[in-house]
Amino acid sequence: MNSEARKSIHGTWTGRWTFILAAAGSAVGLGNIWKFPYMAGEYGGGAFVLVYLACILLIGIPIMIAEILIGRRGRSSPANSMSYLAKEANTYPQWKILGIMGAVAGLAILSFYSVAAGWAISYIFEDFSGPSAEYYGEEFNAFLADGTKLVIFHSIFIFVTVFIVARGVIKGLEVWINRLMPLLFIIVLLLCAYATQTGAFFEGVSYLFTPDFSKIDATVILAALGQAFFTLSLGMGAIMAYGAYMPANQKIGSTALSVAFLDTLVAILAGIAIFPIVFANNLEAAAGPGLVFVTLPWAFVNMPLGLIFGKLFFVLLSIAALSSAISLLEPGVAWVVESLKTKRYVAAAALGLIAWTLGILSALSFNLLSDFTPIGDRNFFDSMDFLSNQILLPLGGIFIAIFVGWIMKRENVLEELEIKEGWVLKVWYFLLKFLSPVLVGVVFVAAVFFGVT
Ligand code: TRP
């Protein structure tokens, strides 16, 4: 039975564009505006960016197609879609575990993502009148030291996420995203325009785009790979869950390309906006997670109408984070609703509570629990980030690639993709069957066992 005949019990996106918007809403978030710039700064600028772009193109896009395909053909939560497709392919029912692992990874990510989203929310109340860029550095550190404040903003964010998922993603998302996402895009463009006025535009841009090949090692590649999965929302079933609600007549390949293109564009523009500000003010490119929260407020101080743009920017960033967080909770919630026949709001509240509890540990890892370092010398927040992005997502990605590339019947794949035999299909199959599993596997083993600390 193809996906024409099957429909998800959770509903279907109403229009052609809605899937793209929802998937782009999931993809575009803190990963683009907060994480991409600071990782680029930490891992050497152009070298990181180059590897990151290669990972998006060669591994991210093929796996995104595979995820949408599984979701749309399975028409259920990732766990149950995997079960259905495993049956269709006459193979082990244990493939379902991939979906369950994904739901768990989603909660792990949501827990620390929400703490970072809380930072964005708190900057809405900033008045953008500080005396210097350093001032914003000190302010961010003072904020991190305030555990209570972090927990409060984290709680607000989780609460709103749970509320929307409880009402149903389709109802909750469609109304908002198509109006607000374009606005965020415009403000990022505006920041880029400001960056041209800083006097260090060229320096910033060449930092991003001039790769120093000697800086590329297993650690940088693993970080770029993890970031490629993270920014495209891949490897844990978020895009799979959304794929289940995708209309049957929509082409999967071109849709995945549009989503990946939009997502990459926003990340690169954020980098172009931020690095000139970093260099013009002699800030540290490798400053870590605080980077945007130091550079951008200072940009708003100096920009005409900065107060309005600043507030609007952080409102929109919070909403972009929200539309991503929703997709982290949805796979688990859809699965609980399907298997335990609970009400949506019960499932959303229960899973939200788990993420909230874990998130408290993340919020306190910058202050009370700063000596607690579960992985290497990382605090709890960084450990969760490392564990999910650099281990769980790539691992999930390998298995998704193997399942669609090696286990699913070629005719079923073709039917779902609505594509004919030809070179496009050949390239995609090659990337999925050989390149992604091998590359991800090698980088992964190299980095995890030989020297990532
Ligand atoms: N892609 C989002 C961002 O860039 C975060 C995100 C949402 C995510 N859903 C995901 C990351 C699923 C990994 C997996 O902010």
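Helices here are DSSP runs of H or I that are at least four residues long, numbered from the N terminus. With that in hand, let's walk through this predicted model, starting with the ligand.

Which helices supply at least two residues each of the shell around the ligand? They are α1 (16–27), α2 (30–42), α5 (96–122), α10 (218–231) and α14 (306–340). The shell holds 17 residues, and the ones that come nearest to the ligand are Ala27, Gly31, Tyr113, Phe230 and Ser327.

Now look at a few of the contacts. Gly31 has a backbone N or O atom 2.8 Å from an oxygen atom of the ligand. Over at Phe230, a backbone N or O atom lies 2.8 Å from a nitrogen atom of the ligand. Thr231 also puts a backbone N or O atom 3.2 Å from a ligand nitrogen. How much of the ligand does the protein cover? On its own the ligand has 370 Å² of accessible area, and the protein covers 100% of that.

Searching the whole structure turns up three cavities of 30 Å³ or more. The largest cavity contains about 140 Å³ of space. Its lining is made of 17 residues, with Ser26, Tyr113, Phe230, Ser233 and Leu328 closest to the centre. And what takes up this space? The largest cavity is the space taken by the ligand.

Helices α1, α5, α10 and α14 each give at least two residues to the lining of the largest cavity.

Definitions and conventions:
Residues are numbered from 1 along each chain as its sequence is written. This is a predicted model: local features need pLDDT of at least 70, side-chain atom pairs count only at pLDDT 80 or more; totals for chains, interfaces and linings use all residues. Side-chain values use heavy atoms; hydrogens and water are left out. A residue is near a molecule or strand if one of its heavy atoms lies within 4 Å of it. A polar contact is a pair of N or O atoms within 3.5 Å; within protein, one must be able to donate a hydrogen and the other to accept it, and residues adjacent in sequence count only if both atoms are side-chain atoms. Accessible areas come from the Shrake-Rupley method with a 1.4 Å probe; for residues, only the protein chains shown count as cover. On a 1 Å grid over the protein atoms alone, a cavity is a set of points where a 1.4 Å probe fits but cannot get out, and a pocket is an open set with protein on both sides within 12 Å along at least five of seven lines; lining residues have an atom within 4 Å of a point. A molecule sits in a cavity or pocket if more than half of its atoms lie within 2 Å of its grid points. Grid points are joined across faces, edges and corners, and a volume is the space filled by probe spheres set on the points.
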